Amino acid sequence: MDPLEIAAGLEAHGVTDRTAARFRHRDVFSLAEEMYARVPRDADTASRSTDQPAPRGHATWVLLALLPGALCAAAVAGLRLTDGRPRLVAAVVGVLAVTLALRTALRRGPLSAAASTTGAWTCWLVGYALLGDGMLRSALAGGPDGLPDGTADGPWPVTVAPVLALVLACAPAAGSAHLFAVRARRELIASRGLADFAASARPLLLGTFALFMGALTVLVALTGAVLAEPAAHPQALTLGALLMLARLLTVHGCTRAPALVLAASATAEAAALATLFAGRLPGCGFLAAPVEAVIAACGPAGVPTAACGLGALTLLVHAARRLTRASAHASTERSR
């Protein structure tokens, strides 16, 4: 443990610069340095705690971050080049391969976290991005009349482009998370107070988040153009922002808020679908009226855009509070 980690621990327990002043220290960092100096230790331990560990395995996590996108692109190509039973086999194999690659990528490198309880909600949100808009359109027309066949013009239309863009965005997400962690650690070393660090970390957080959103915007446009599908910018960008912020918070030890917000967004999408089908029951047409009004005003994309957009905004505000604390970054460094 070094003075920075002690300062972060003091902050996590409610010790502020004003509290440190009562002990005749100018700030929490100064108090942490004295506490560190008062603890006896041998020379080797002191050397290990003061030297910054050399980065290892960068090439490994970069390759792992690129793998899901490559497999997803191959799976989409398989869907486009096959028909009938071979297409079903290609879809099943592709989903399994991409899922395993994503799980591996999220266990190594900048996107790895000690614990995560958001897997089921994430799967629902991505699945809705693939099938949800098509089901809404079919439900409004009295369907769906069949199972999805992997095409955009079938009885249950499938939108592949935004999902491919989101999977490809795993690489820029890992890069953005790595950049934020490294720069925040440097700011933590250079800062001489908790308020000083928060003031420097906030624009860093917003800048790295904007960098990721810019990369995702390019990927959404490219996948839409290559696959000759609507780019679906609103729902893809809001979902990407939601998933990125949720993972960034989870990586830095804030697990409760991402789980709640992802659950709320997924529940809102599920409720929209459920009310459309419930409105078909005699005397229950009023249940579908709110969703029908949203679709009439914004199209089917209005439902996931609203659900994920509100969730992303909530997590962005929460991240601006939690990820600008020294304790969030010291705990992450210890876990790695």
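Trainee: In this predicted model, which residues of the largest nonpolar core touch the most other members?

Mentor: The model is predicted, not taken from an experiment. Its largest nonpolar core has 56 residues, and helix 11 supplies the largest share of them, eleven residues. The members that touch the most others are Leu-125, Leu-216, Leu-242, Leu-315 and Leu-323.

Trainee: Which residues does Leu-315 touch, not counting those up to four places away in sequence?

Mentor: Contact here means heavy atoms within 4.5 Å. With residues up to four places away set aside, the partners of Leu-315 are Leu-242, Leu-245, Ala-246, Leu-249, Ala-257, Pro-258 and Val-261.

Trainee: Are helix 7 and helix 14 roughly parallel or antiparallel to each other?

Mentor: The axes of helix 7 (residues 119–140) and helix 14 (residues 302–322) come within 10 Å and cross at roughly 150°. Angles over 145 degrees count as roughly antiparallel. The two helices are therefore roughly antiparallel.

Trainee: How many nonpolar, polar and charged residues make the contact of helix 7 with helix 14?

Mentor: Helix 7 contributes Leu-125, Tyr-128, Asp-133 and Leu-136, and helix 14 contributes Val-303, Pro-304 and Cys-308. Asp counts as charged, while Leu, Tyr, Val, Pro and Cys count as nonpolar. The contact therefore divides into six nonpolar, no polar and one charged residues.

Trainee: At what angle do the axes of helix 8 and helix 9 cross?

Mentor: Helix 8 covers residues 161–168 and helix 9 covers residues 170–190. Their contact is made by Leu-166, Val-167 and Leu-168 on one side and Cys-170, Ala-171 and Pro-172 on the other. The axes come within 4 Å and cross at roughly 35°.

Trainee: What residue does Glu-229 form a salt bridge with?

Mentor: The count for this structure comes to one salt bridge. Glu-229 lies in the loop between helix 10 (194–227) and helix 11 (233–251), and its partner is in helix 5 (residues 58–81), so the pair ties together parts that are 149 residues apart in sequence. The closest N and O atoms are 3.0 Å apart, and the partner is Arg-80.

Trainee: Are Glu-229 and Arg-80 buried, partly exposed or exposed?

Mentor: Buried means under 20% relative accessible area and exposed means over 50%. Glu-229 is at 11%, whereas Arg-80 is at 43%. Glu-229 is therefore buried, and Arg-80 is partly exposed.

Trainee: What is the phi of Ala-228?

Mentor: Most residues other than glycine have a negative phi. Ala-228 is in the loop between helix 10 and helix 11, and at 71% relative accessibility Ala-228 counts as exposed. Its phi is positive, near 55°.

Trainee: Is Gly-279 buried or exposed?

Mentor: Gly-279 is placed in the loop between helix 12 (256–278) and helix 13 (285–298). Leaving aside neighbours within four places in sequence, Gly-279 is in contact with Cys-284, Gly-285 and Ala-288. Its relative accessible area is 18%, and the limit for burial is 20%, so Gly-279 is buried.

Trainee: What percentage of the residues in the chain are buried?

Mentor: The chain has 15 helices and zero strands. Its length is 336 residues, and the buried part is 46%.

Terms used: Residues are numbered from 1 along each chain as its sequence is written. This is a predicted model: local features need pLDDT of at least 70, side-chain atom pairs count only at pLDDT 80 or more; totals for chains, interfaces and linings use all residues. Side-chain values use heavy atoms; hydrogens and water are left out. Axes are lines fitted to C-alpha atoms, for helices over the stretch in contact, and angles run from 0 to 180 degrees between N-to-C directions. Angles under 35 degrees count as roughly parallel, over 145 as roughly antiparallel, 65 to 115 as roughly perpendicular and the rest as oblique. A salt bridge is a side-chain nitrogen of Lys or Arg within 4 Å of a carboxyl oxygen of Asp or Glu. Buried means under 20% relative accessible area, exposed over 50%, partly exposed in between (1.4 Å probe, protein chains only). A nonpolar core is a set of buried Ala, Val, Leu, Ile, Met, Phe, Trp, Tyr and Cys residues joined through side-chain atoms within 4.5 Å.
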